[in-house]
Amino acid sequence: MAVLLKQLINYCNTLLAPDKFRDYCPNGLQVEGCPEVSRIISGVTASQALLDRAVELEADLVLVHHGYFWKGEAEAITGMKKRRLQILLNHDISLVAYHLPLDGHPLLGNNAQLAEKLGLQVCGGLEPENPLSIGLAGRLNSPLSADEFSQQIAATLGREVMHIEGGPERIETVGWCTGAAQGYIEKAAALGLDAFISGEISEPTVHCARELGIHYFAAGHHATERYGVQAVGEHLAEKFELEHQFVDIDNPV
């Protein structure tokens, strides 16, 4: 089966509502390829390695969370950017990217999918007054020690987790926001949560955790953001009877 590219993009834009978000990049179709789509390759980032794999798999469209044309980047199409765009154009492959809209979708988004993987009950947003809150707050099915919770996250995501101790002996309430969202730790602490999970850690995060009395778990930018794009890819494949394959390009960050 195949679907018109325009029809697919219109559906994705309705599903993920990018116009509601103030983002750092264009969301939706970033590079136009062939007018019909039958095979989708998804991945976290539109790296050269992912594009090479898409060519091997004869993809019509690459769906990612991290695409191109970020605010503040050099505008000239040279070097790495030129090579990436050239392979898409040479092989008539479309590039579709959703950043914040993919983080925030209540069912298919990175944060919703991470909650499902970790068995977290969603109780609301990290910003309760914001209906488009990216980060979420919730609770564990049963309290765990910090070590037990750290081991659970590591086993689920398949990578080592950095734990900064700062909260209570037993963890019951948790906030989370995938990717480079360590700055949200203060919002989690303000809600009185026991722990906060994100992808990355920075120098101030350690002091915030200790001084605000909250556990912090850095579980990896890439690792925490693998699941939303897979969920959207599978959703599109089912709705339009397309082929879909997620390609996980290893990234230790």
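Me: Which residue just after H5 takes a positive phi?
Reply: This is a predicted model. Helix H5 covers residues 110-118. Just after H5, a positive phi of about 70° is taken by Gly 119.

Me: Is helix H5 mostly covered or mostly open, and how many of its nine residues are buried?
Reply: The buried residues include Asn 110, Asn 111 and Gln 113. Ala 112, Leu 114, Ala 115 and Leu 118 are also among them. H5 is mostly covered, and the buried count for its nine residues is seven.

Me: How are the planes of Tyr 11 and Phe 240 set: stacked, tilted or edge-to-face?
Reply: The model has four aromatic pairs. In the pair of Tyr 11 and Phe 240, the ring centres are 5.4 Å apart and the planes stand at 85°. Planes over 60 degrees apart count as edge-to-face. The pair is therefore edge-to-face.

Me: How many residues apart in sequence are the parts that Tyr 11 and Phe 240 tie together?
Reply: Tyr 11 lies in helix H1, residues 5-16. Phe 240 lies in helix H10, residues 227-240. The pair therefore ties together parts whose separation in sequence is 229 residues.

Me: Which residue has its charged end over the ring of Phe 240?
Reply: The charged end sits 5.8 Å from the centre of the ring. A charge over a ring must come within 6 Å of that centre. The residue is Lys 239.

Me: Which backbone nitrogen lies 3.3 Å from a polar atom of the Ser 133 side chain?
Reply: Ser 133 is in the loop between strand E7 (120-125) and strand E8 (136-145). At 10% relative accessibility, Ser 133 counts as buried. Leaving aside neighbours within four places in sequence, Ser 133 contacts Gly 125, Leu 126 and Glu 127. The backbone nitrogen at 3.3 Å belongs to Leu 126.

Me: How many disulfides does the structure hold?
Reply: A disulfide needs two cysteine sulfur atoms within 2.5 Å. For Cys 123, the closest cysteine sulfur is in Cys 177 at 16 Å, too far for a bond. For Cys 177, the closest is in Cys 25 at 15 Å, again too far. The number of disulfides is zero.

Me: Is Cys 123 buried or exposed?
Reply: Cys 177 is buried, at a relative accessible area of 2%. Cys 123 has a relative accessible area of 56%. Exposed means over 50%, so the cut-off is passed. Cys 123 is exposed.

Key: Residues numbered from 1 in each chain as written. Predicted model: local features only at pLDDT ≥ 70, side-chain atom pairs only at ≥ 80, totals over all residues. Heavy atoms only, no water. Phe/Tyr/Trp six-rings, centres within 6.5 Å; stacked < 30°, edge-to-face > 60°. Helix = DSSP H or I, 4+ residues; strand = E, 2+ residues; numbered from the N terminus. Lys NZ or Arg CZ within 6 Å of the ring centre and 35° of its normal. Buried < 20%, exposed > 50% of the residue type's maximum accessible area, 1.4 Å probe, protein only. Polar contact = N/O pair within 3.5 Å; in protein donor to acceptor, adjacent residues only side chain to side chain. Contact = heavy atoms within 4.5 Å.
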